[in-house]
Amino acid sequence: MTTDLATDVFEEHRPLLMGVAYRMLGRTADAEDVVQDAWLRWSGADRAEVREPRAYLVRVTTRLAIDRLRQVKARGETYTGPWLPEPYVTEFGGAAPDTADRAVLADTVSLALLVVLESLSPLERAVFVLREAFGYPYADIAALLDRGEAAVRQLAGRARRHVAEGRPRYEVDPARRRDLTERFLAAAGGGDLAGLMSLLAPAVRLIGDSGGKAKAPLRTLHTADKVGRFLVAVSGNRLPGMALRFLEVNGGPAVLVTTDGKPDSLIQVDVADGRVSTVYIVRNPDKLRHLADR
C-alpha cells in the first residue's frame, strides 16, 4: 500500500475514529490527540499484514482511548464545579439519512449520556460505545479488546444497567428541541419569568460548567423556581457585542453565545414531555475555543 493510498484509507475512516475516541473520552482535544496517535501507528505499521484496515484502526483507536482514560482516572484530577463534556459539533447531515439511524447517532453522543459514561470503567465504556453506538458484534469487540466474548457480554450488561439507571429520559427529535430552545431563549433573554416557568419541567436541572474559569453555578440547580429565577437574574447581564447562533452539537440543536465574535457560552436543553428537563451551559473557555470558527 503506497503512502498516498494509506493516507486516503485513514482519512476515509477518520470520522469513525473521531466518533469512537470522542465518545470514549468526552473531550474533543483528547479525541483528536488519540486519532493523531492512531495515524502515527497506521503510518508506521506493516500495512501489507493488515487485512482489514477498518478493524485495525478501530482497534488501535479504542486501545489508545482506553489508555488515555486510565491515565485521567489515575491522576484523580479535581474539577471546579459540575463537569460537562466538551461540546462536539456533529452536523450529521447526509451521513445518516435514515431518521432512526440519525436518532441513534444523536443519542449516543448526547451530553446526557456522556455524563453517565464518565462513571464507567474504561473497559465498560469501550464495550458500551462499540456495541451501542457502532453496533459491533460481541465477538468483534472481544477480538478488538483481546477479551473473551463472555467477559465482553458481562461488561456490556453492567454498562447498560448503569446507563439505564443514570441517564434521564429525553426526546431526541431535533425540530421539537429547536422550537422549545427558541422559546426558552426568548423568555430567558426577555426576563420573562412566567414564560420561562411555562416551559420548564417542575424537576428541571441546570448544569453549568465553567471549570472555575468563568461565572457559572458551582452546583447543579434543581426545580423550575430556582432555575427560572437564576436565568432571569443573569438575563440582565447582556453585554455589547453579544450575538447568538445555532449549531448542531452532540446530536441536537444548541446555541453558541459569542461576545465580539469570541465564544462565551454554549447552551443546550433536553426536552421531555414537551418541557425543558435539563439546561446545559458550558462556559469553560478551554472547552469553547474550538468553536471560534463555527
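This is a predicted model: local features need pLDDT of at least 70, side-chain atom pairs count only at pLDDT 80 or more; totals for chains, interfaces and linings use all residues.
Is Asp 286 buried, exposed or partly exposed? Asp 286 counts as partly exposed, because its relative accessibility is 33%.

**Figure 1. Salt bridge between Lys 213 and Asp 286.** Here the closest N and O atoms of Lys 213 and Asp 286 are 2.3 Å apart. The pair links distant parts of the chain, 73 residues apart: Lys 213 sits in the loop between strand 1 and strand 2 (221-222), while Asp 286 belongs to helix 12.

**Figure 2. Asp 209 and Lys 287 joined in a salt bridge.** Helix 12 (residues 285-288) also contributes Lys 287, and strand 1 (residues 200-209) contributes Asp 209, so this pair ties together parts that are 78 residues apart in sequence. The N to O distance is 2.6 Å.

**Figure 3. Arg 177 paired with Asp 270.** In this salt bridge, 3.3 Å separates the closest N and O atoms. Arg 177 comes from helix 9 (residues 174-189) and Asp 270 from strand 5 (residues 262-272), so the contact ties together parts that lie 93 residues apart in sequence. Arg 177 counts as buried because its relative accessibility is 3%, under the 20% limit. Asp 270 is likewise buried, at 3%.

**Figure 4. A network of Arg 27, Glu 118 and Arg 125.** Salt bridges with shared partners connect these three residues. To set the views in context, the structure holds 18 salt bridges.

Key
Residues are numbered from 1 along each chain as its sequence is written. Side-chain values use heavy atoms; hydrogens and water are left out. A salt bridge is a side-chain nitrogen of Lys or Arg within 4 Å of a carboxyl oxygen of Asp or Glu. Helices (H or I, at least four residues) and strands (E, at least two) are DSSP runs, numbered from the N terminus. Buried means under 20% relative accessible area, exposed over 50%, partly exposed in between (1.4 Å probe, protein chains only).
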